[in-house]
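Come along while I look things up one by one.

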Amino acid sequence: MIDRTSEGRPATPPREGFHADRPPGWSYNPSSWAERLPIVGVAVLGFAIALYLALYQWGIVATVWEPFFGDGSERVLHSWLSKVLPIPDAAVGAFAYALDAVTGLIGGPARWRTMPWMVVLFGIAVGPLGLVSIFLVIAQPVLLDAWCSLCLVSAFLSLVMIGPAMDEVLASLQHMRREYDAGRSLWSAWLGGA
């Protein structure tokens, strides 16, 4: 007897080593809500901090909170480095955190195989933010001779997101490699049709 779906079509047997809840060979699912929601929560917190700093840079908020470094935050946030772009660097950070949160929320727990393009976009959104944060932390004492407490917190938050986000990217890339090795369309796998 042929196993059929509710629509009457023959059911497609699962591929060898396939587990709907997690990538083959993995002990957990990096696309599960339990793995992604903490990253999204960190991104939302980072967004709030970066937005507050941007509002200060725009002059909408009169003072910036600085518990440890005296006028360090003011010096960092009004430095030449913060004005390299046409908008405040904290506003760019707020946009990046918002992008992290949105791309982290799109798709279900199987998006490592159903939406590899979104997972890679998520990784691109998270990864460069962490690298820029490392540069900005180094730049504070080296180029500006000042420290900014909330800037350091923001940098820490962006670095915390990298590992878990890259796990999901790796799972998607492994899925695409398996599809390609099996002779299936890489484009179809990229779009989640595999």
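**Entry 1: surface and overall make-up**

I looked up the surface, and the chain exposes about 10600 Å², of which carbon and sulfur atoms supply 69%. Such accessible areas come from the Shrake-Rupley method with a 1.4 Å probe, and for residues only the protein chains shown count as cover.

A note to myself on the source: this is a predicted model, where local features need pLDDT of at least 70, side-chain atom pairs count only at pLDDT 80 or more, and totals for chains, interfaces and linings use all residues. Residues are numbered from 1 along each chain as its sequence is written, and side-chain values use heavy atoms, with hydrogens and water left out.

Next I checked burial: 40% of the 194 residues of the chain count as buried. Buried means under 20% relative accessible area, exposed means over 50%, and partly exposed is in between (1.4 Å probe, protein chains only).

What does the secondary structure of the chain come to? I found seven helices and zero strands, and from the N terminus on the elements run α-α-α-α-α-α-α. Helices (H or I, at least four residues) and strands (E, at least two) are DSSP runs, numbered from the N terminus.

I also looked at contacts in the chain between residues at least 6 apart in sequence, and 70% of them join residues at least 24 apart. Contact means heavy atoms within 4.5 Å.

Axes are lines fitted to C-alpha atoms, for helices over the stretch in contact, and angles run from 0 to 180 degrees between N-to-C directions.

The axes of α1 and α6 cross at roughly 155° and come within 9 Å. That makes α1 roughly antiparallel to α6. For the wording, angles under 35 degrees count as roughly parallel, over 145 as roughly antiparallel, 65 to 115 as roughly perpendicular and the rest as oblique.

The crossing of α1 past α6 is left-handed; that is, the near helix is turned anticlockwise from the far one by less than a right angle, while clockwise would be right-handed.

I then listed who meets whom. On the α1 side I noted residues including R36, I39, V42 and L53, and on the α6 side residues including L150, L157, A165 and E168. By class, this contact of α1 with α6 has 14 nonpolar, two polar and two charged residues. Ala, Val, Leu, Ile, Met, Phe, Trp, Tyr, Cys and Pro count as nonpolar, Asp, Glu, Lys and Arg as charged, and the others, Gly among them, as polar.

**Entry 2: two residues of α6**

I zoomed in on A165 in helix α6. A165 is buried, with a relative accessible area of 0%. Leaving aside neighbours within four places in sequence, A165 is in contact with I39, F122 and V126. I also noted that A165 and E35 are 130 residues apart in sequence and 8.9 Å apart in space, C-alpha to C-alpha.

S158 lies in helix α6 too. Its relative accessible area is 0%, so I count S158 as buried. Beyond four places in sequence, S158 is in contact with Y97, L129, G130 and S133.

**Entry 3: α3 against α5**

Helix α3 (residues 89-105) packs with helix α5 (residues 116-144) at an angle of about 155°, and their axes are 9 Å apart. That makes α3 roughly antiparallel to α5, and their crossing is left-handed.

Where they touch, A96, Y97, L99, D100, T103 and G104 in α3 meet M118, L121, F122, A125, V126 and L129 in α5. By class I noted nine nonpolar, two polar and one charged residues for the contact of α3 with α5.

Is S31 buried or exposed? S31 is buried, with a relative accessible area of 0%, and lies in the segment before α1 (33-57). Not counting residues up to four places away in sequence, S31 touches R36, G108, P109, R111, W112 and E168.

V76 sits in helix α2 (residues 72-77) and counts as buried at 9% relative accessibility. The C-alpha atoms of V76 and L144 are separated by 6.8 Å, though these residues are 68 apart along the chain.

Last, I looked at D145, in the loop between α5 and α6 (149-181). D145 is exposed, with a relative accessible area of 60%. Most residues other than glycine have a negative phi. D145 is not a glycine, yet has a positive phi of about 55°.
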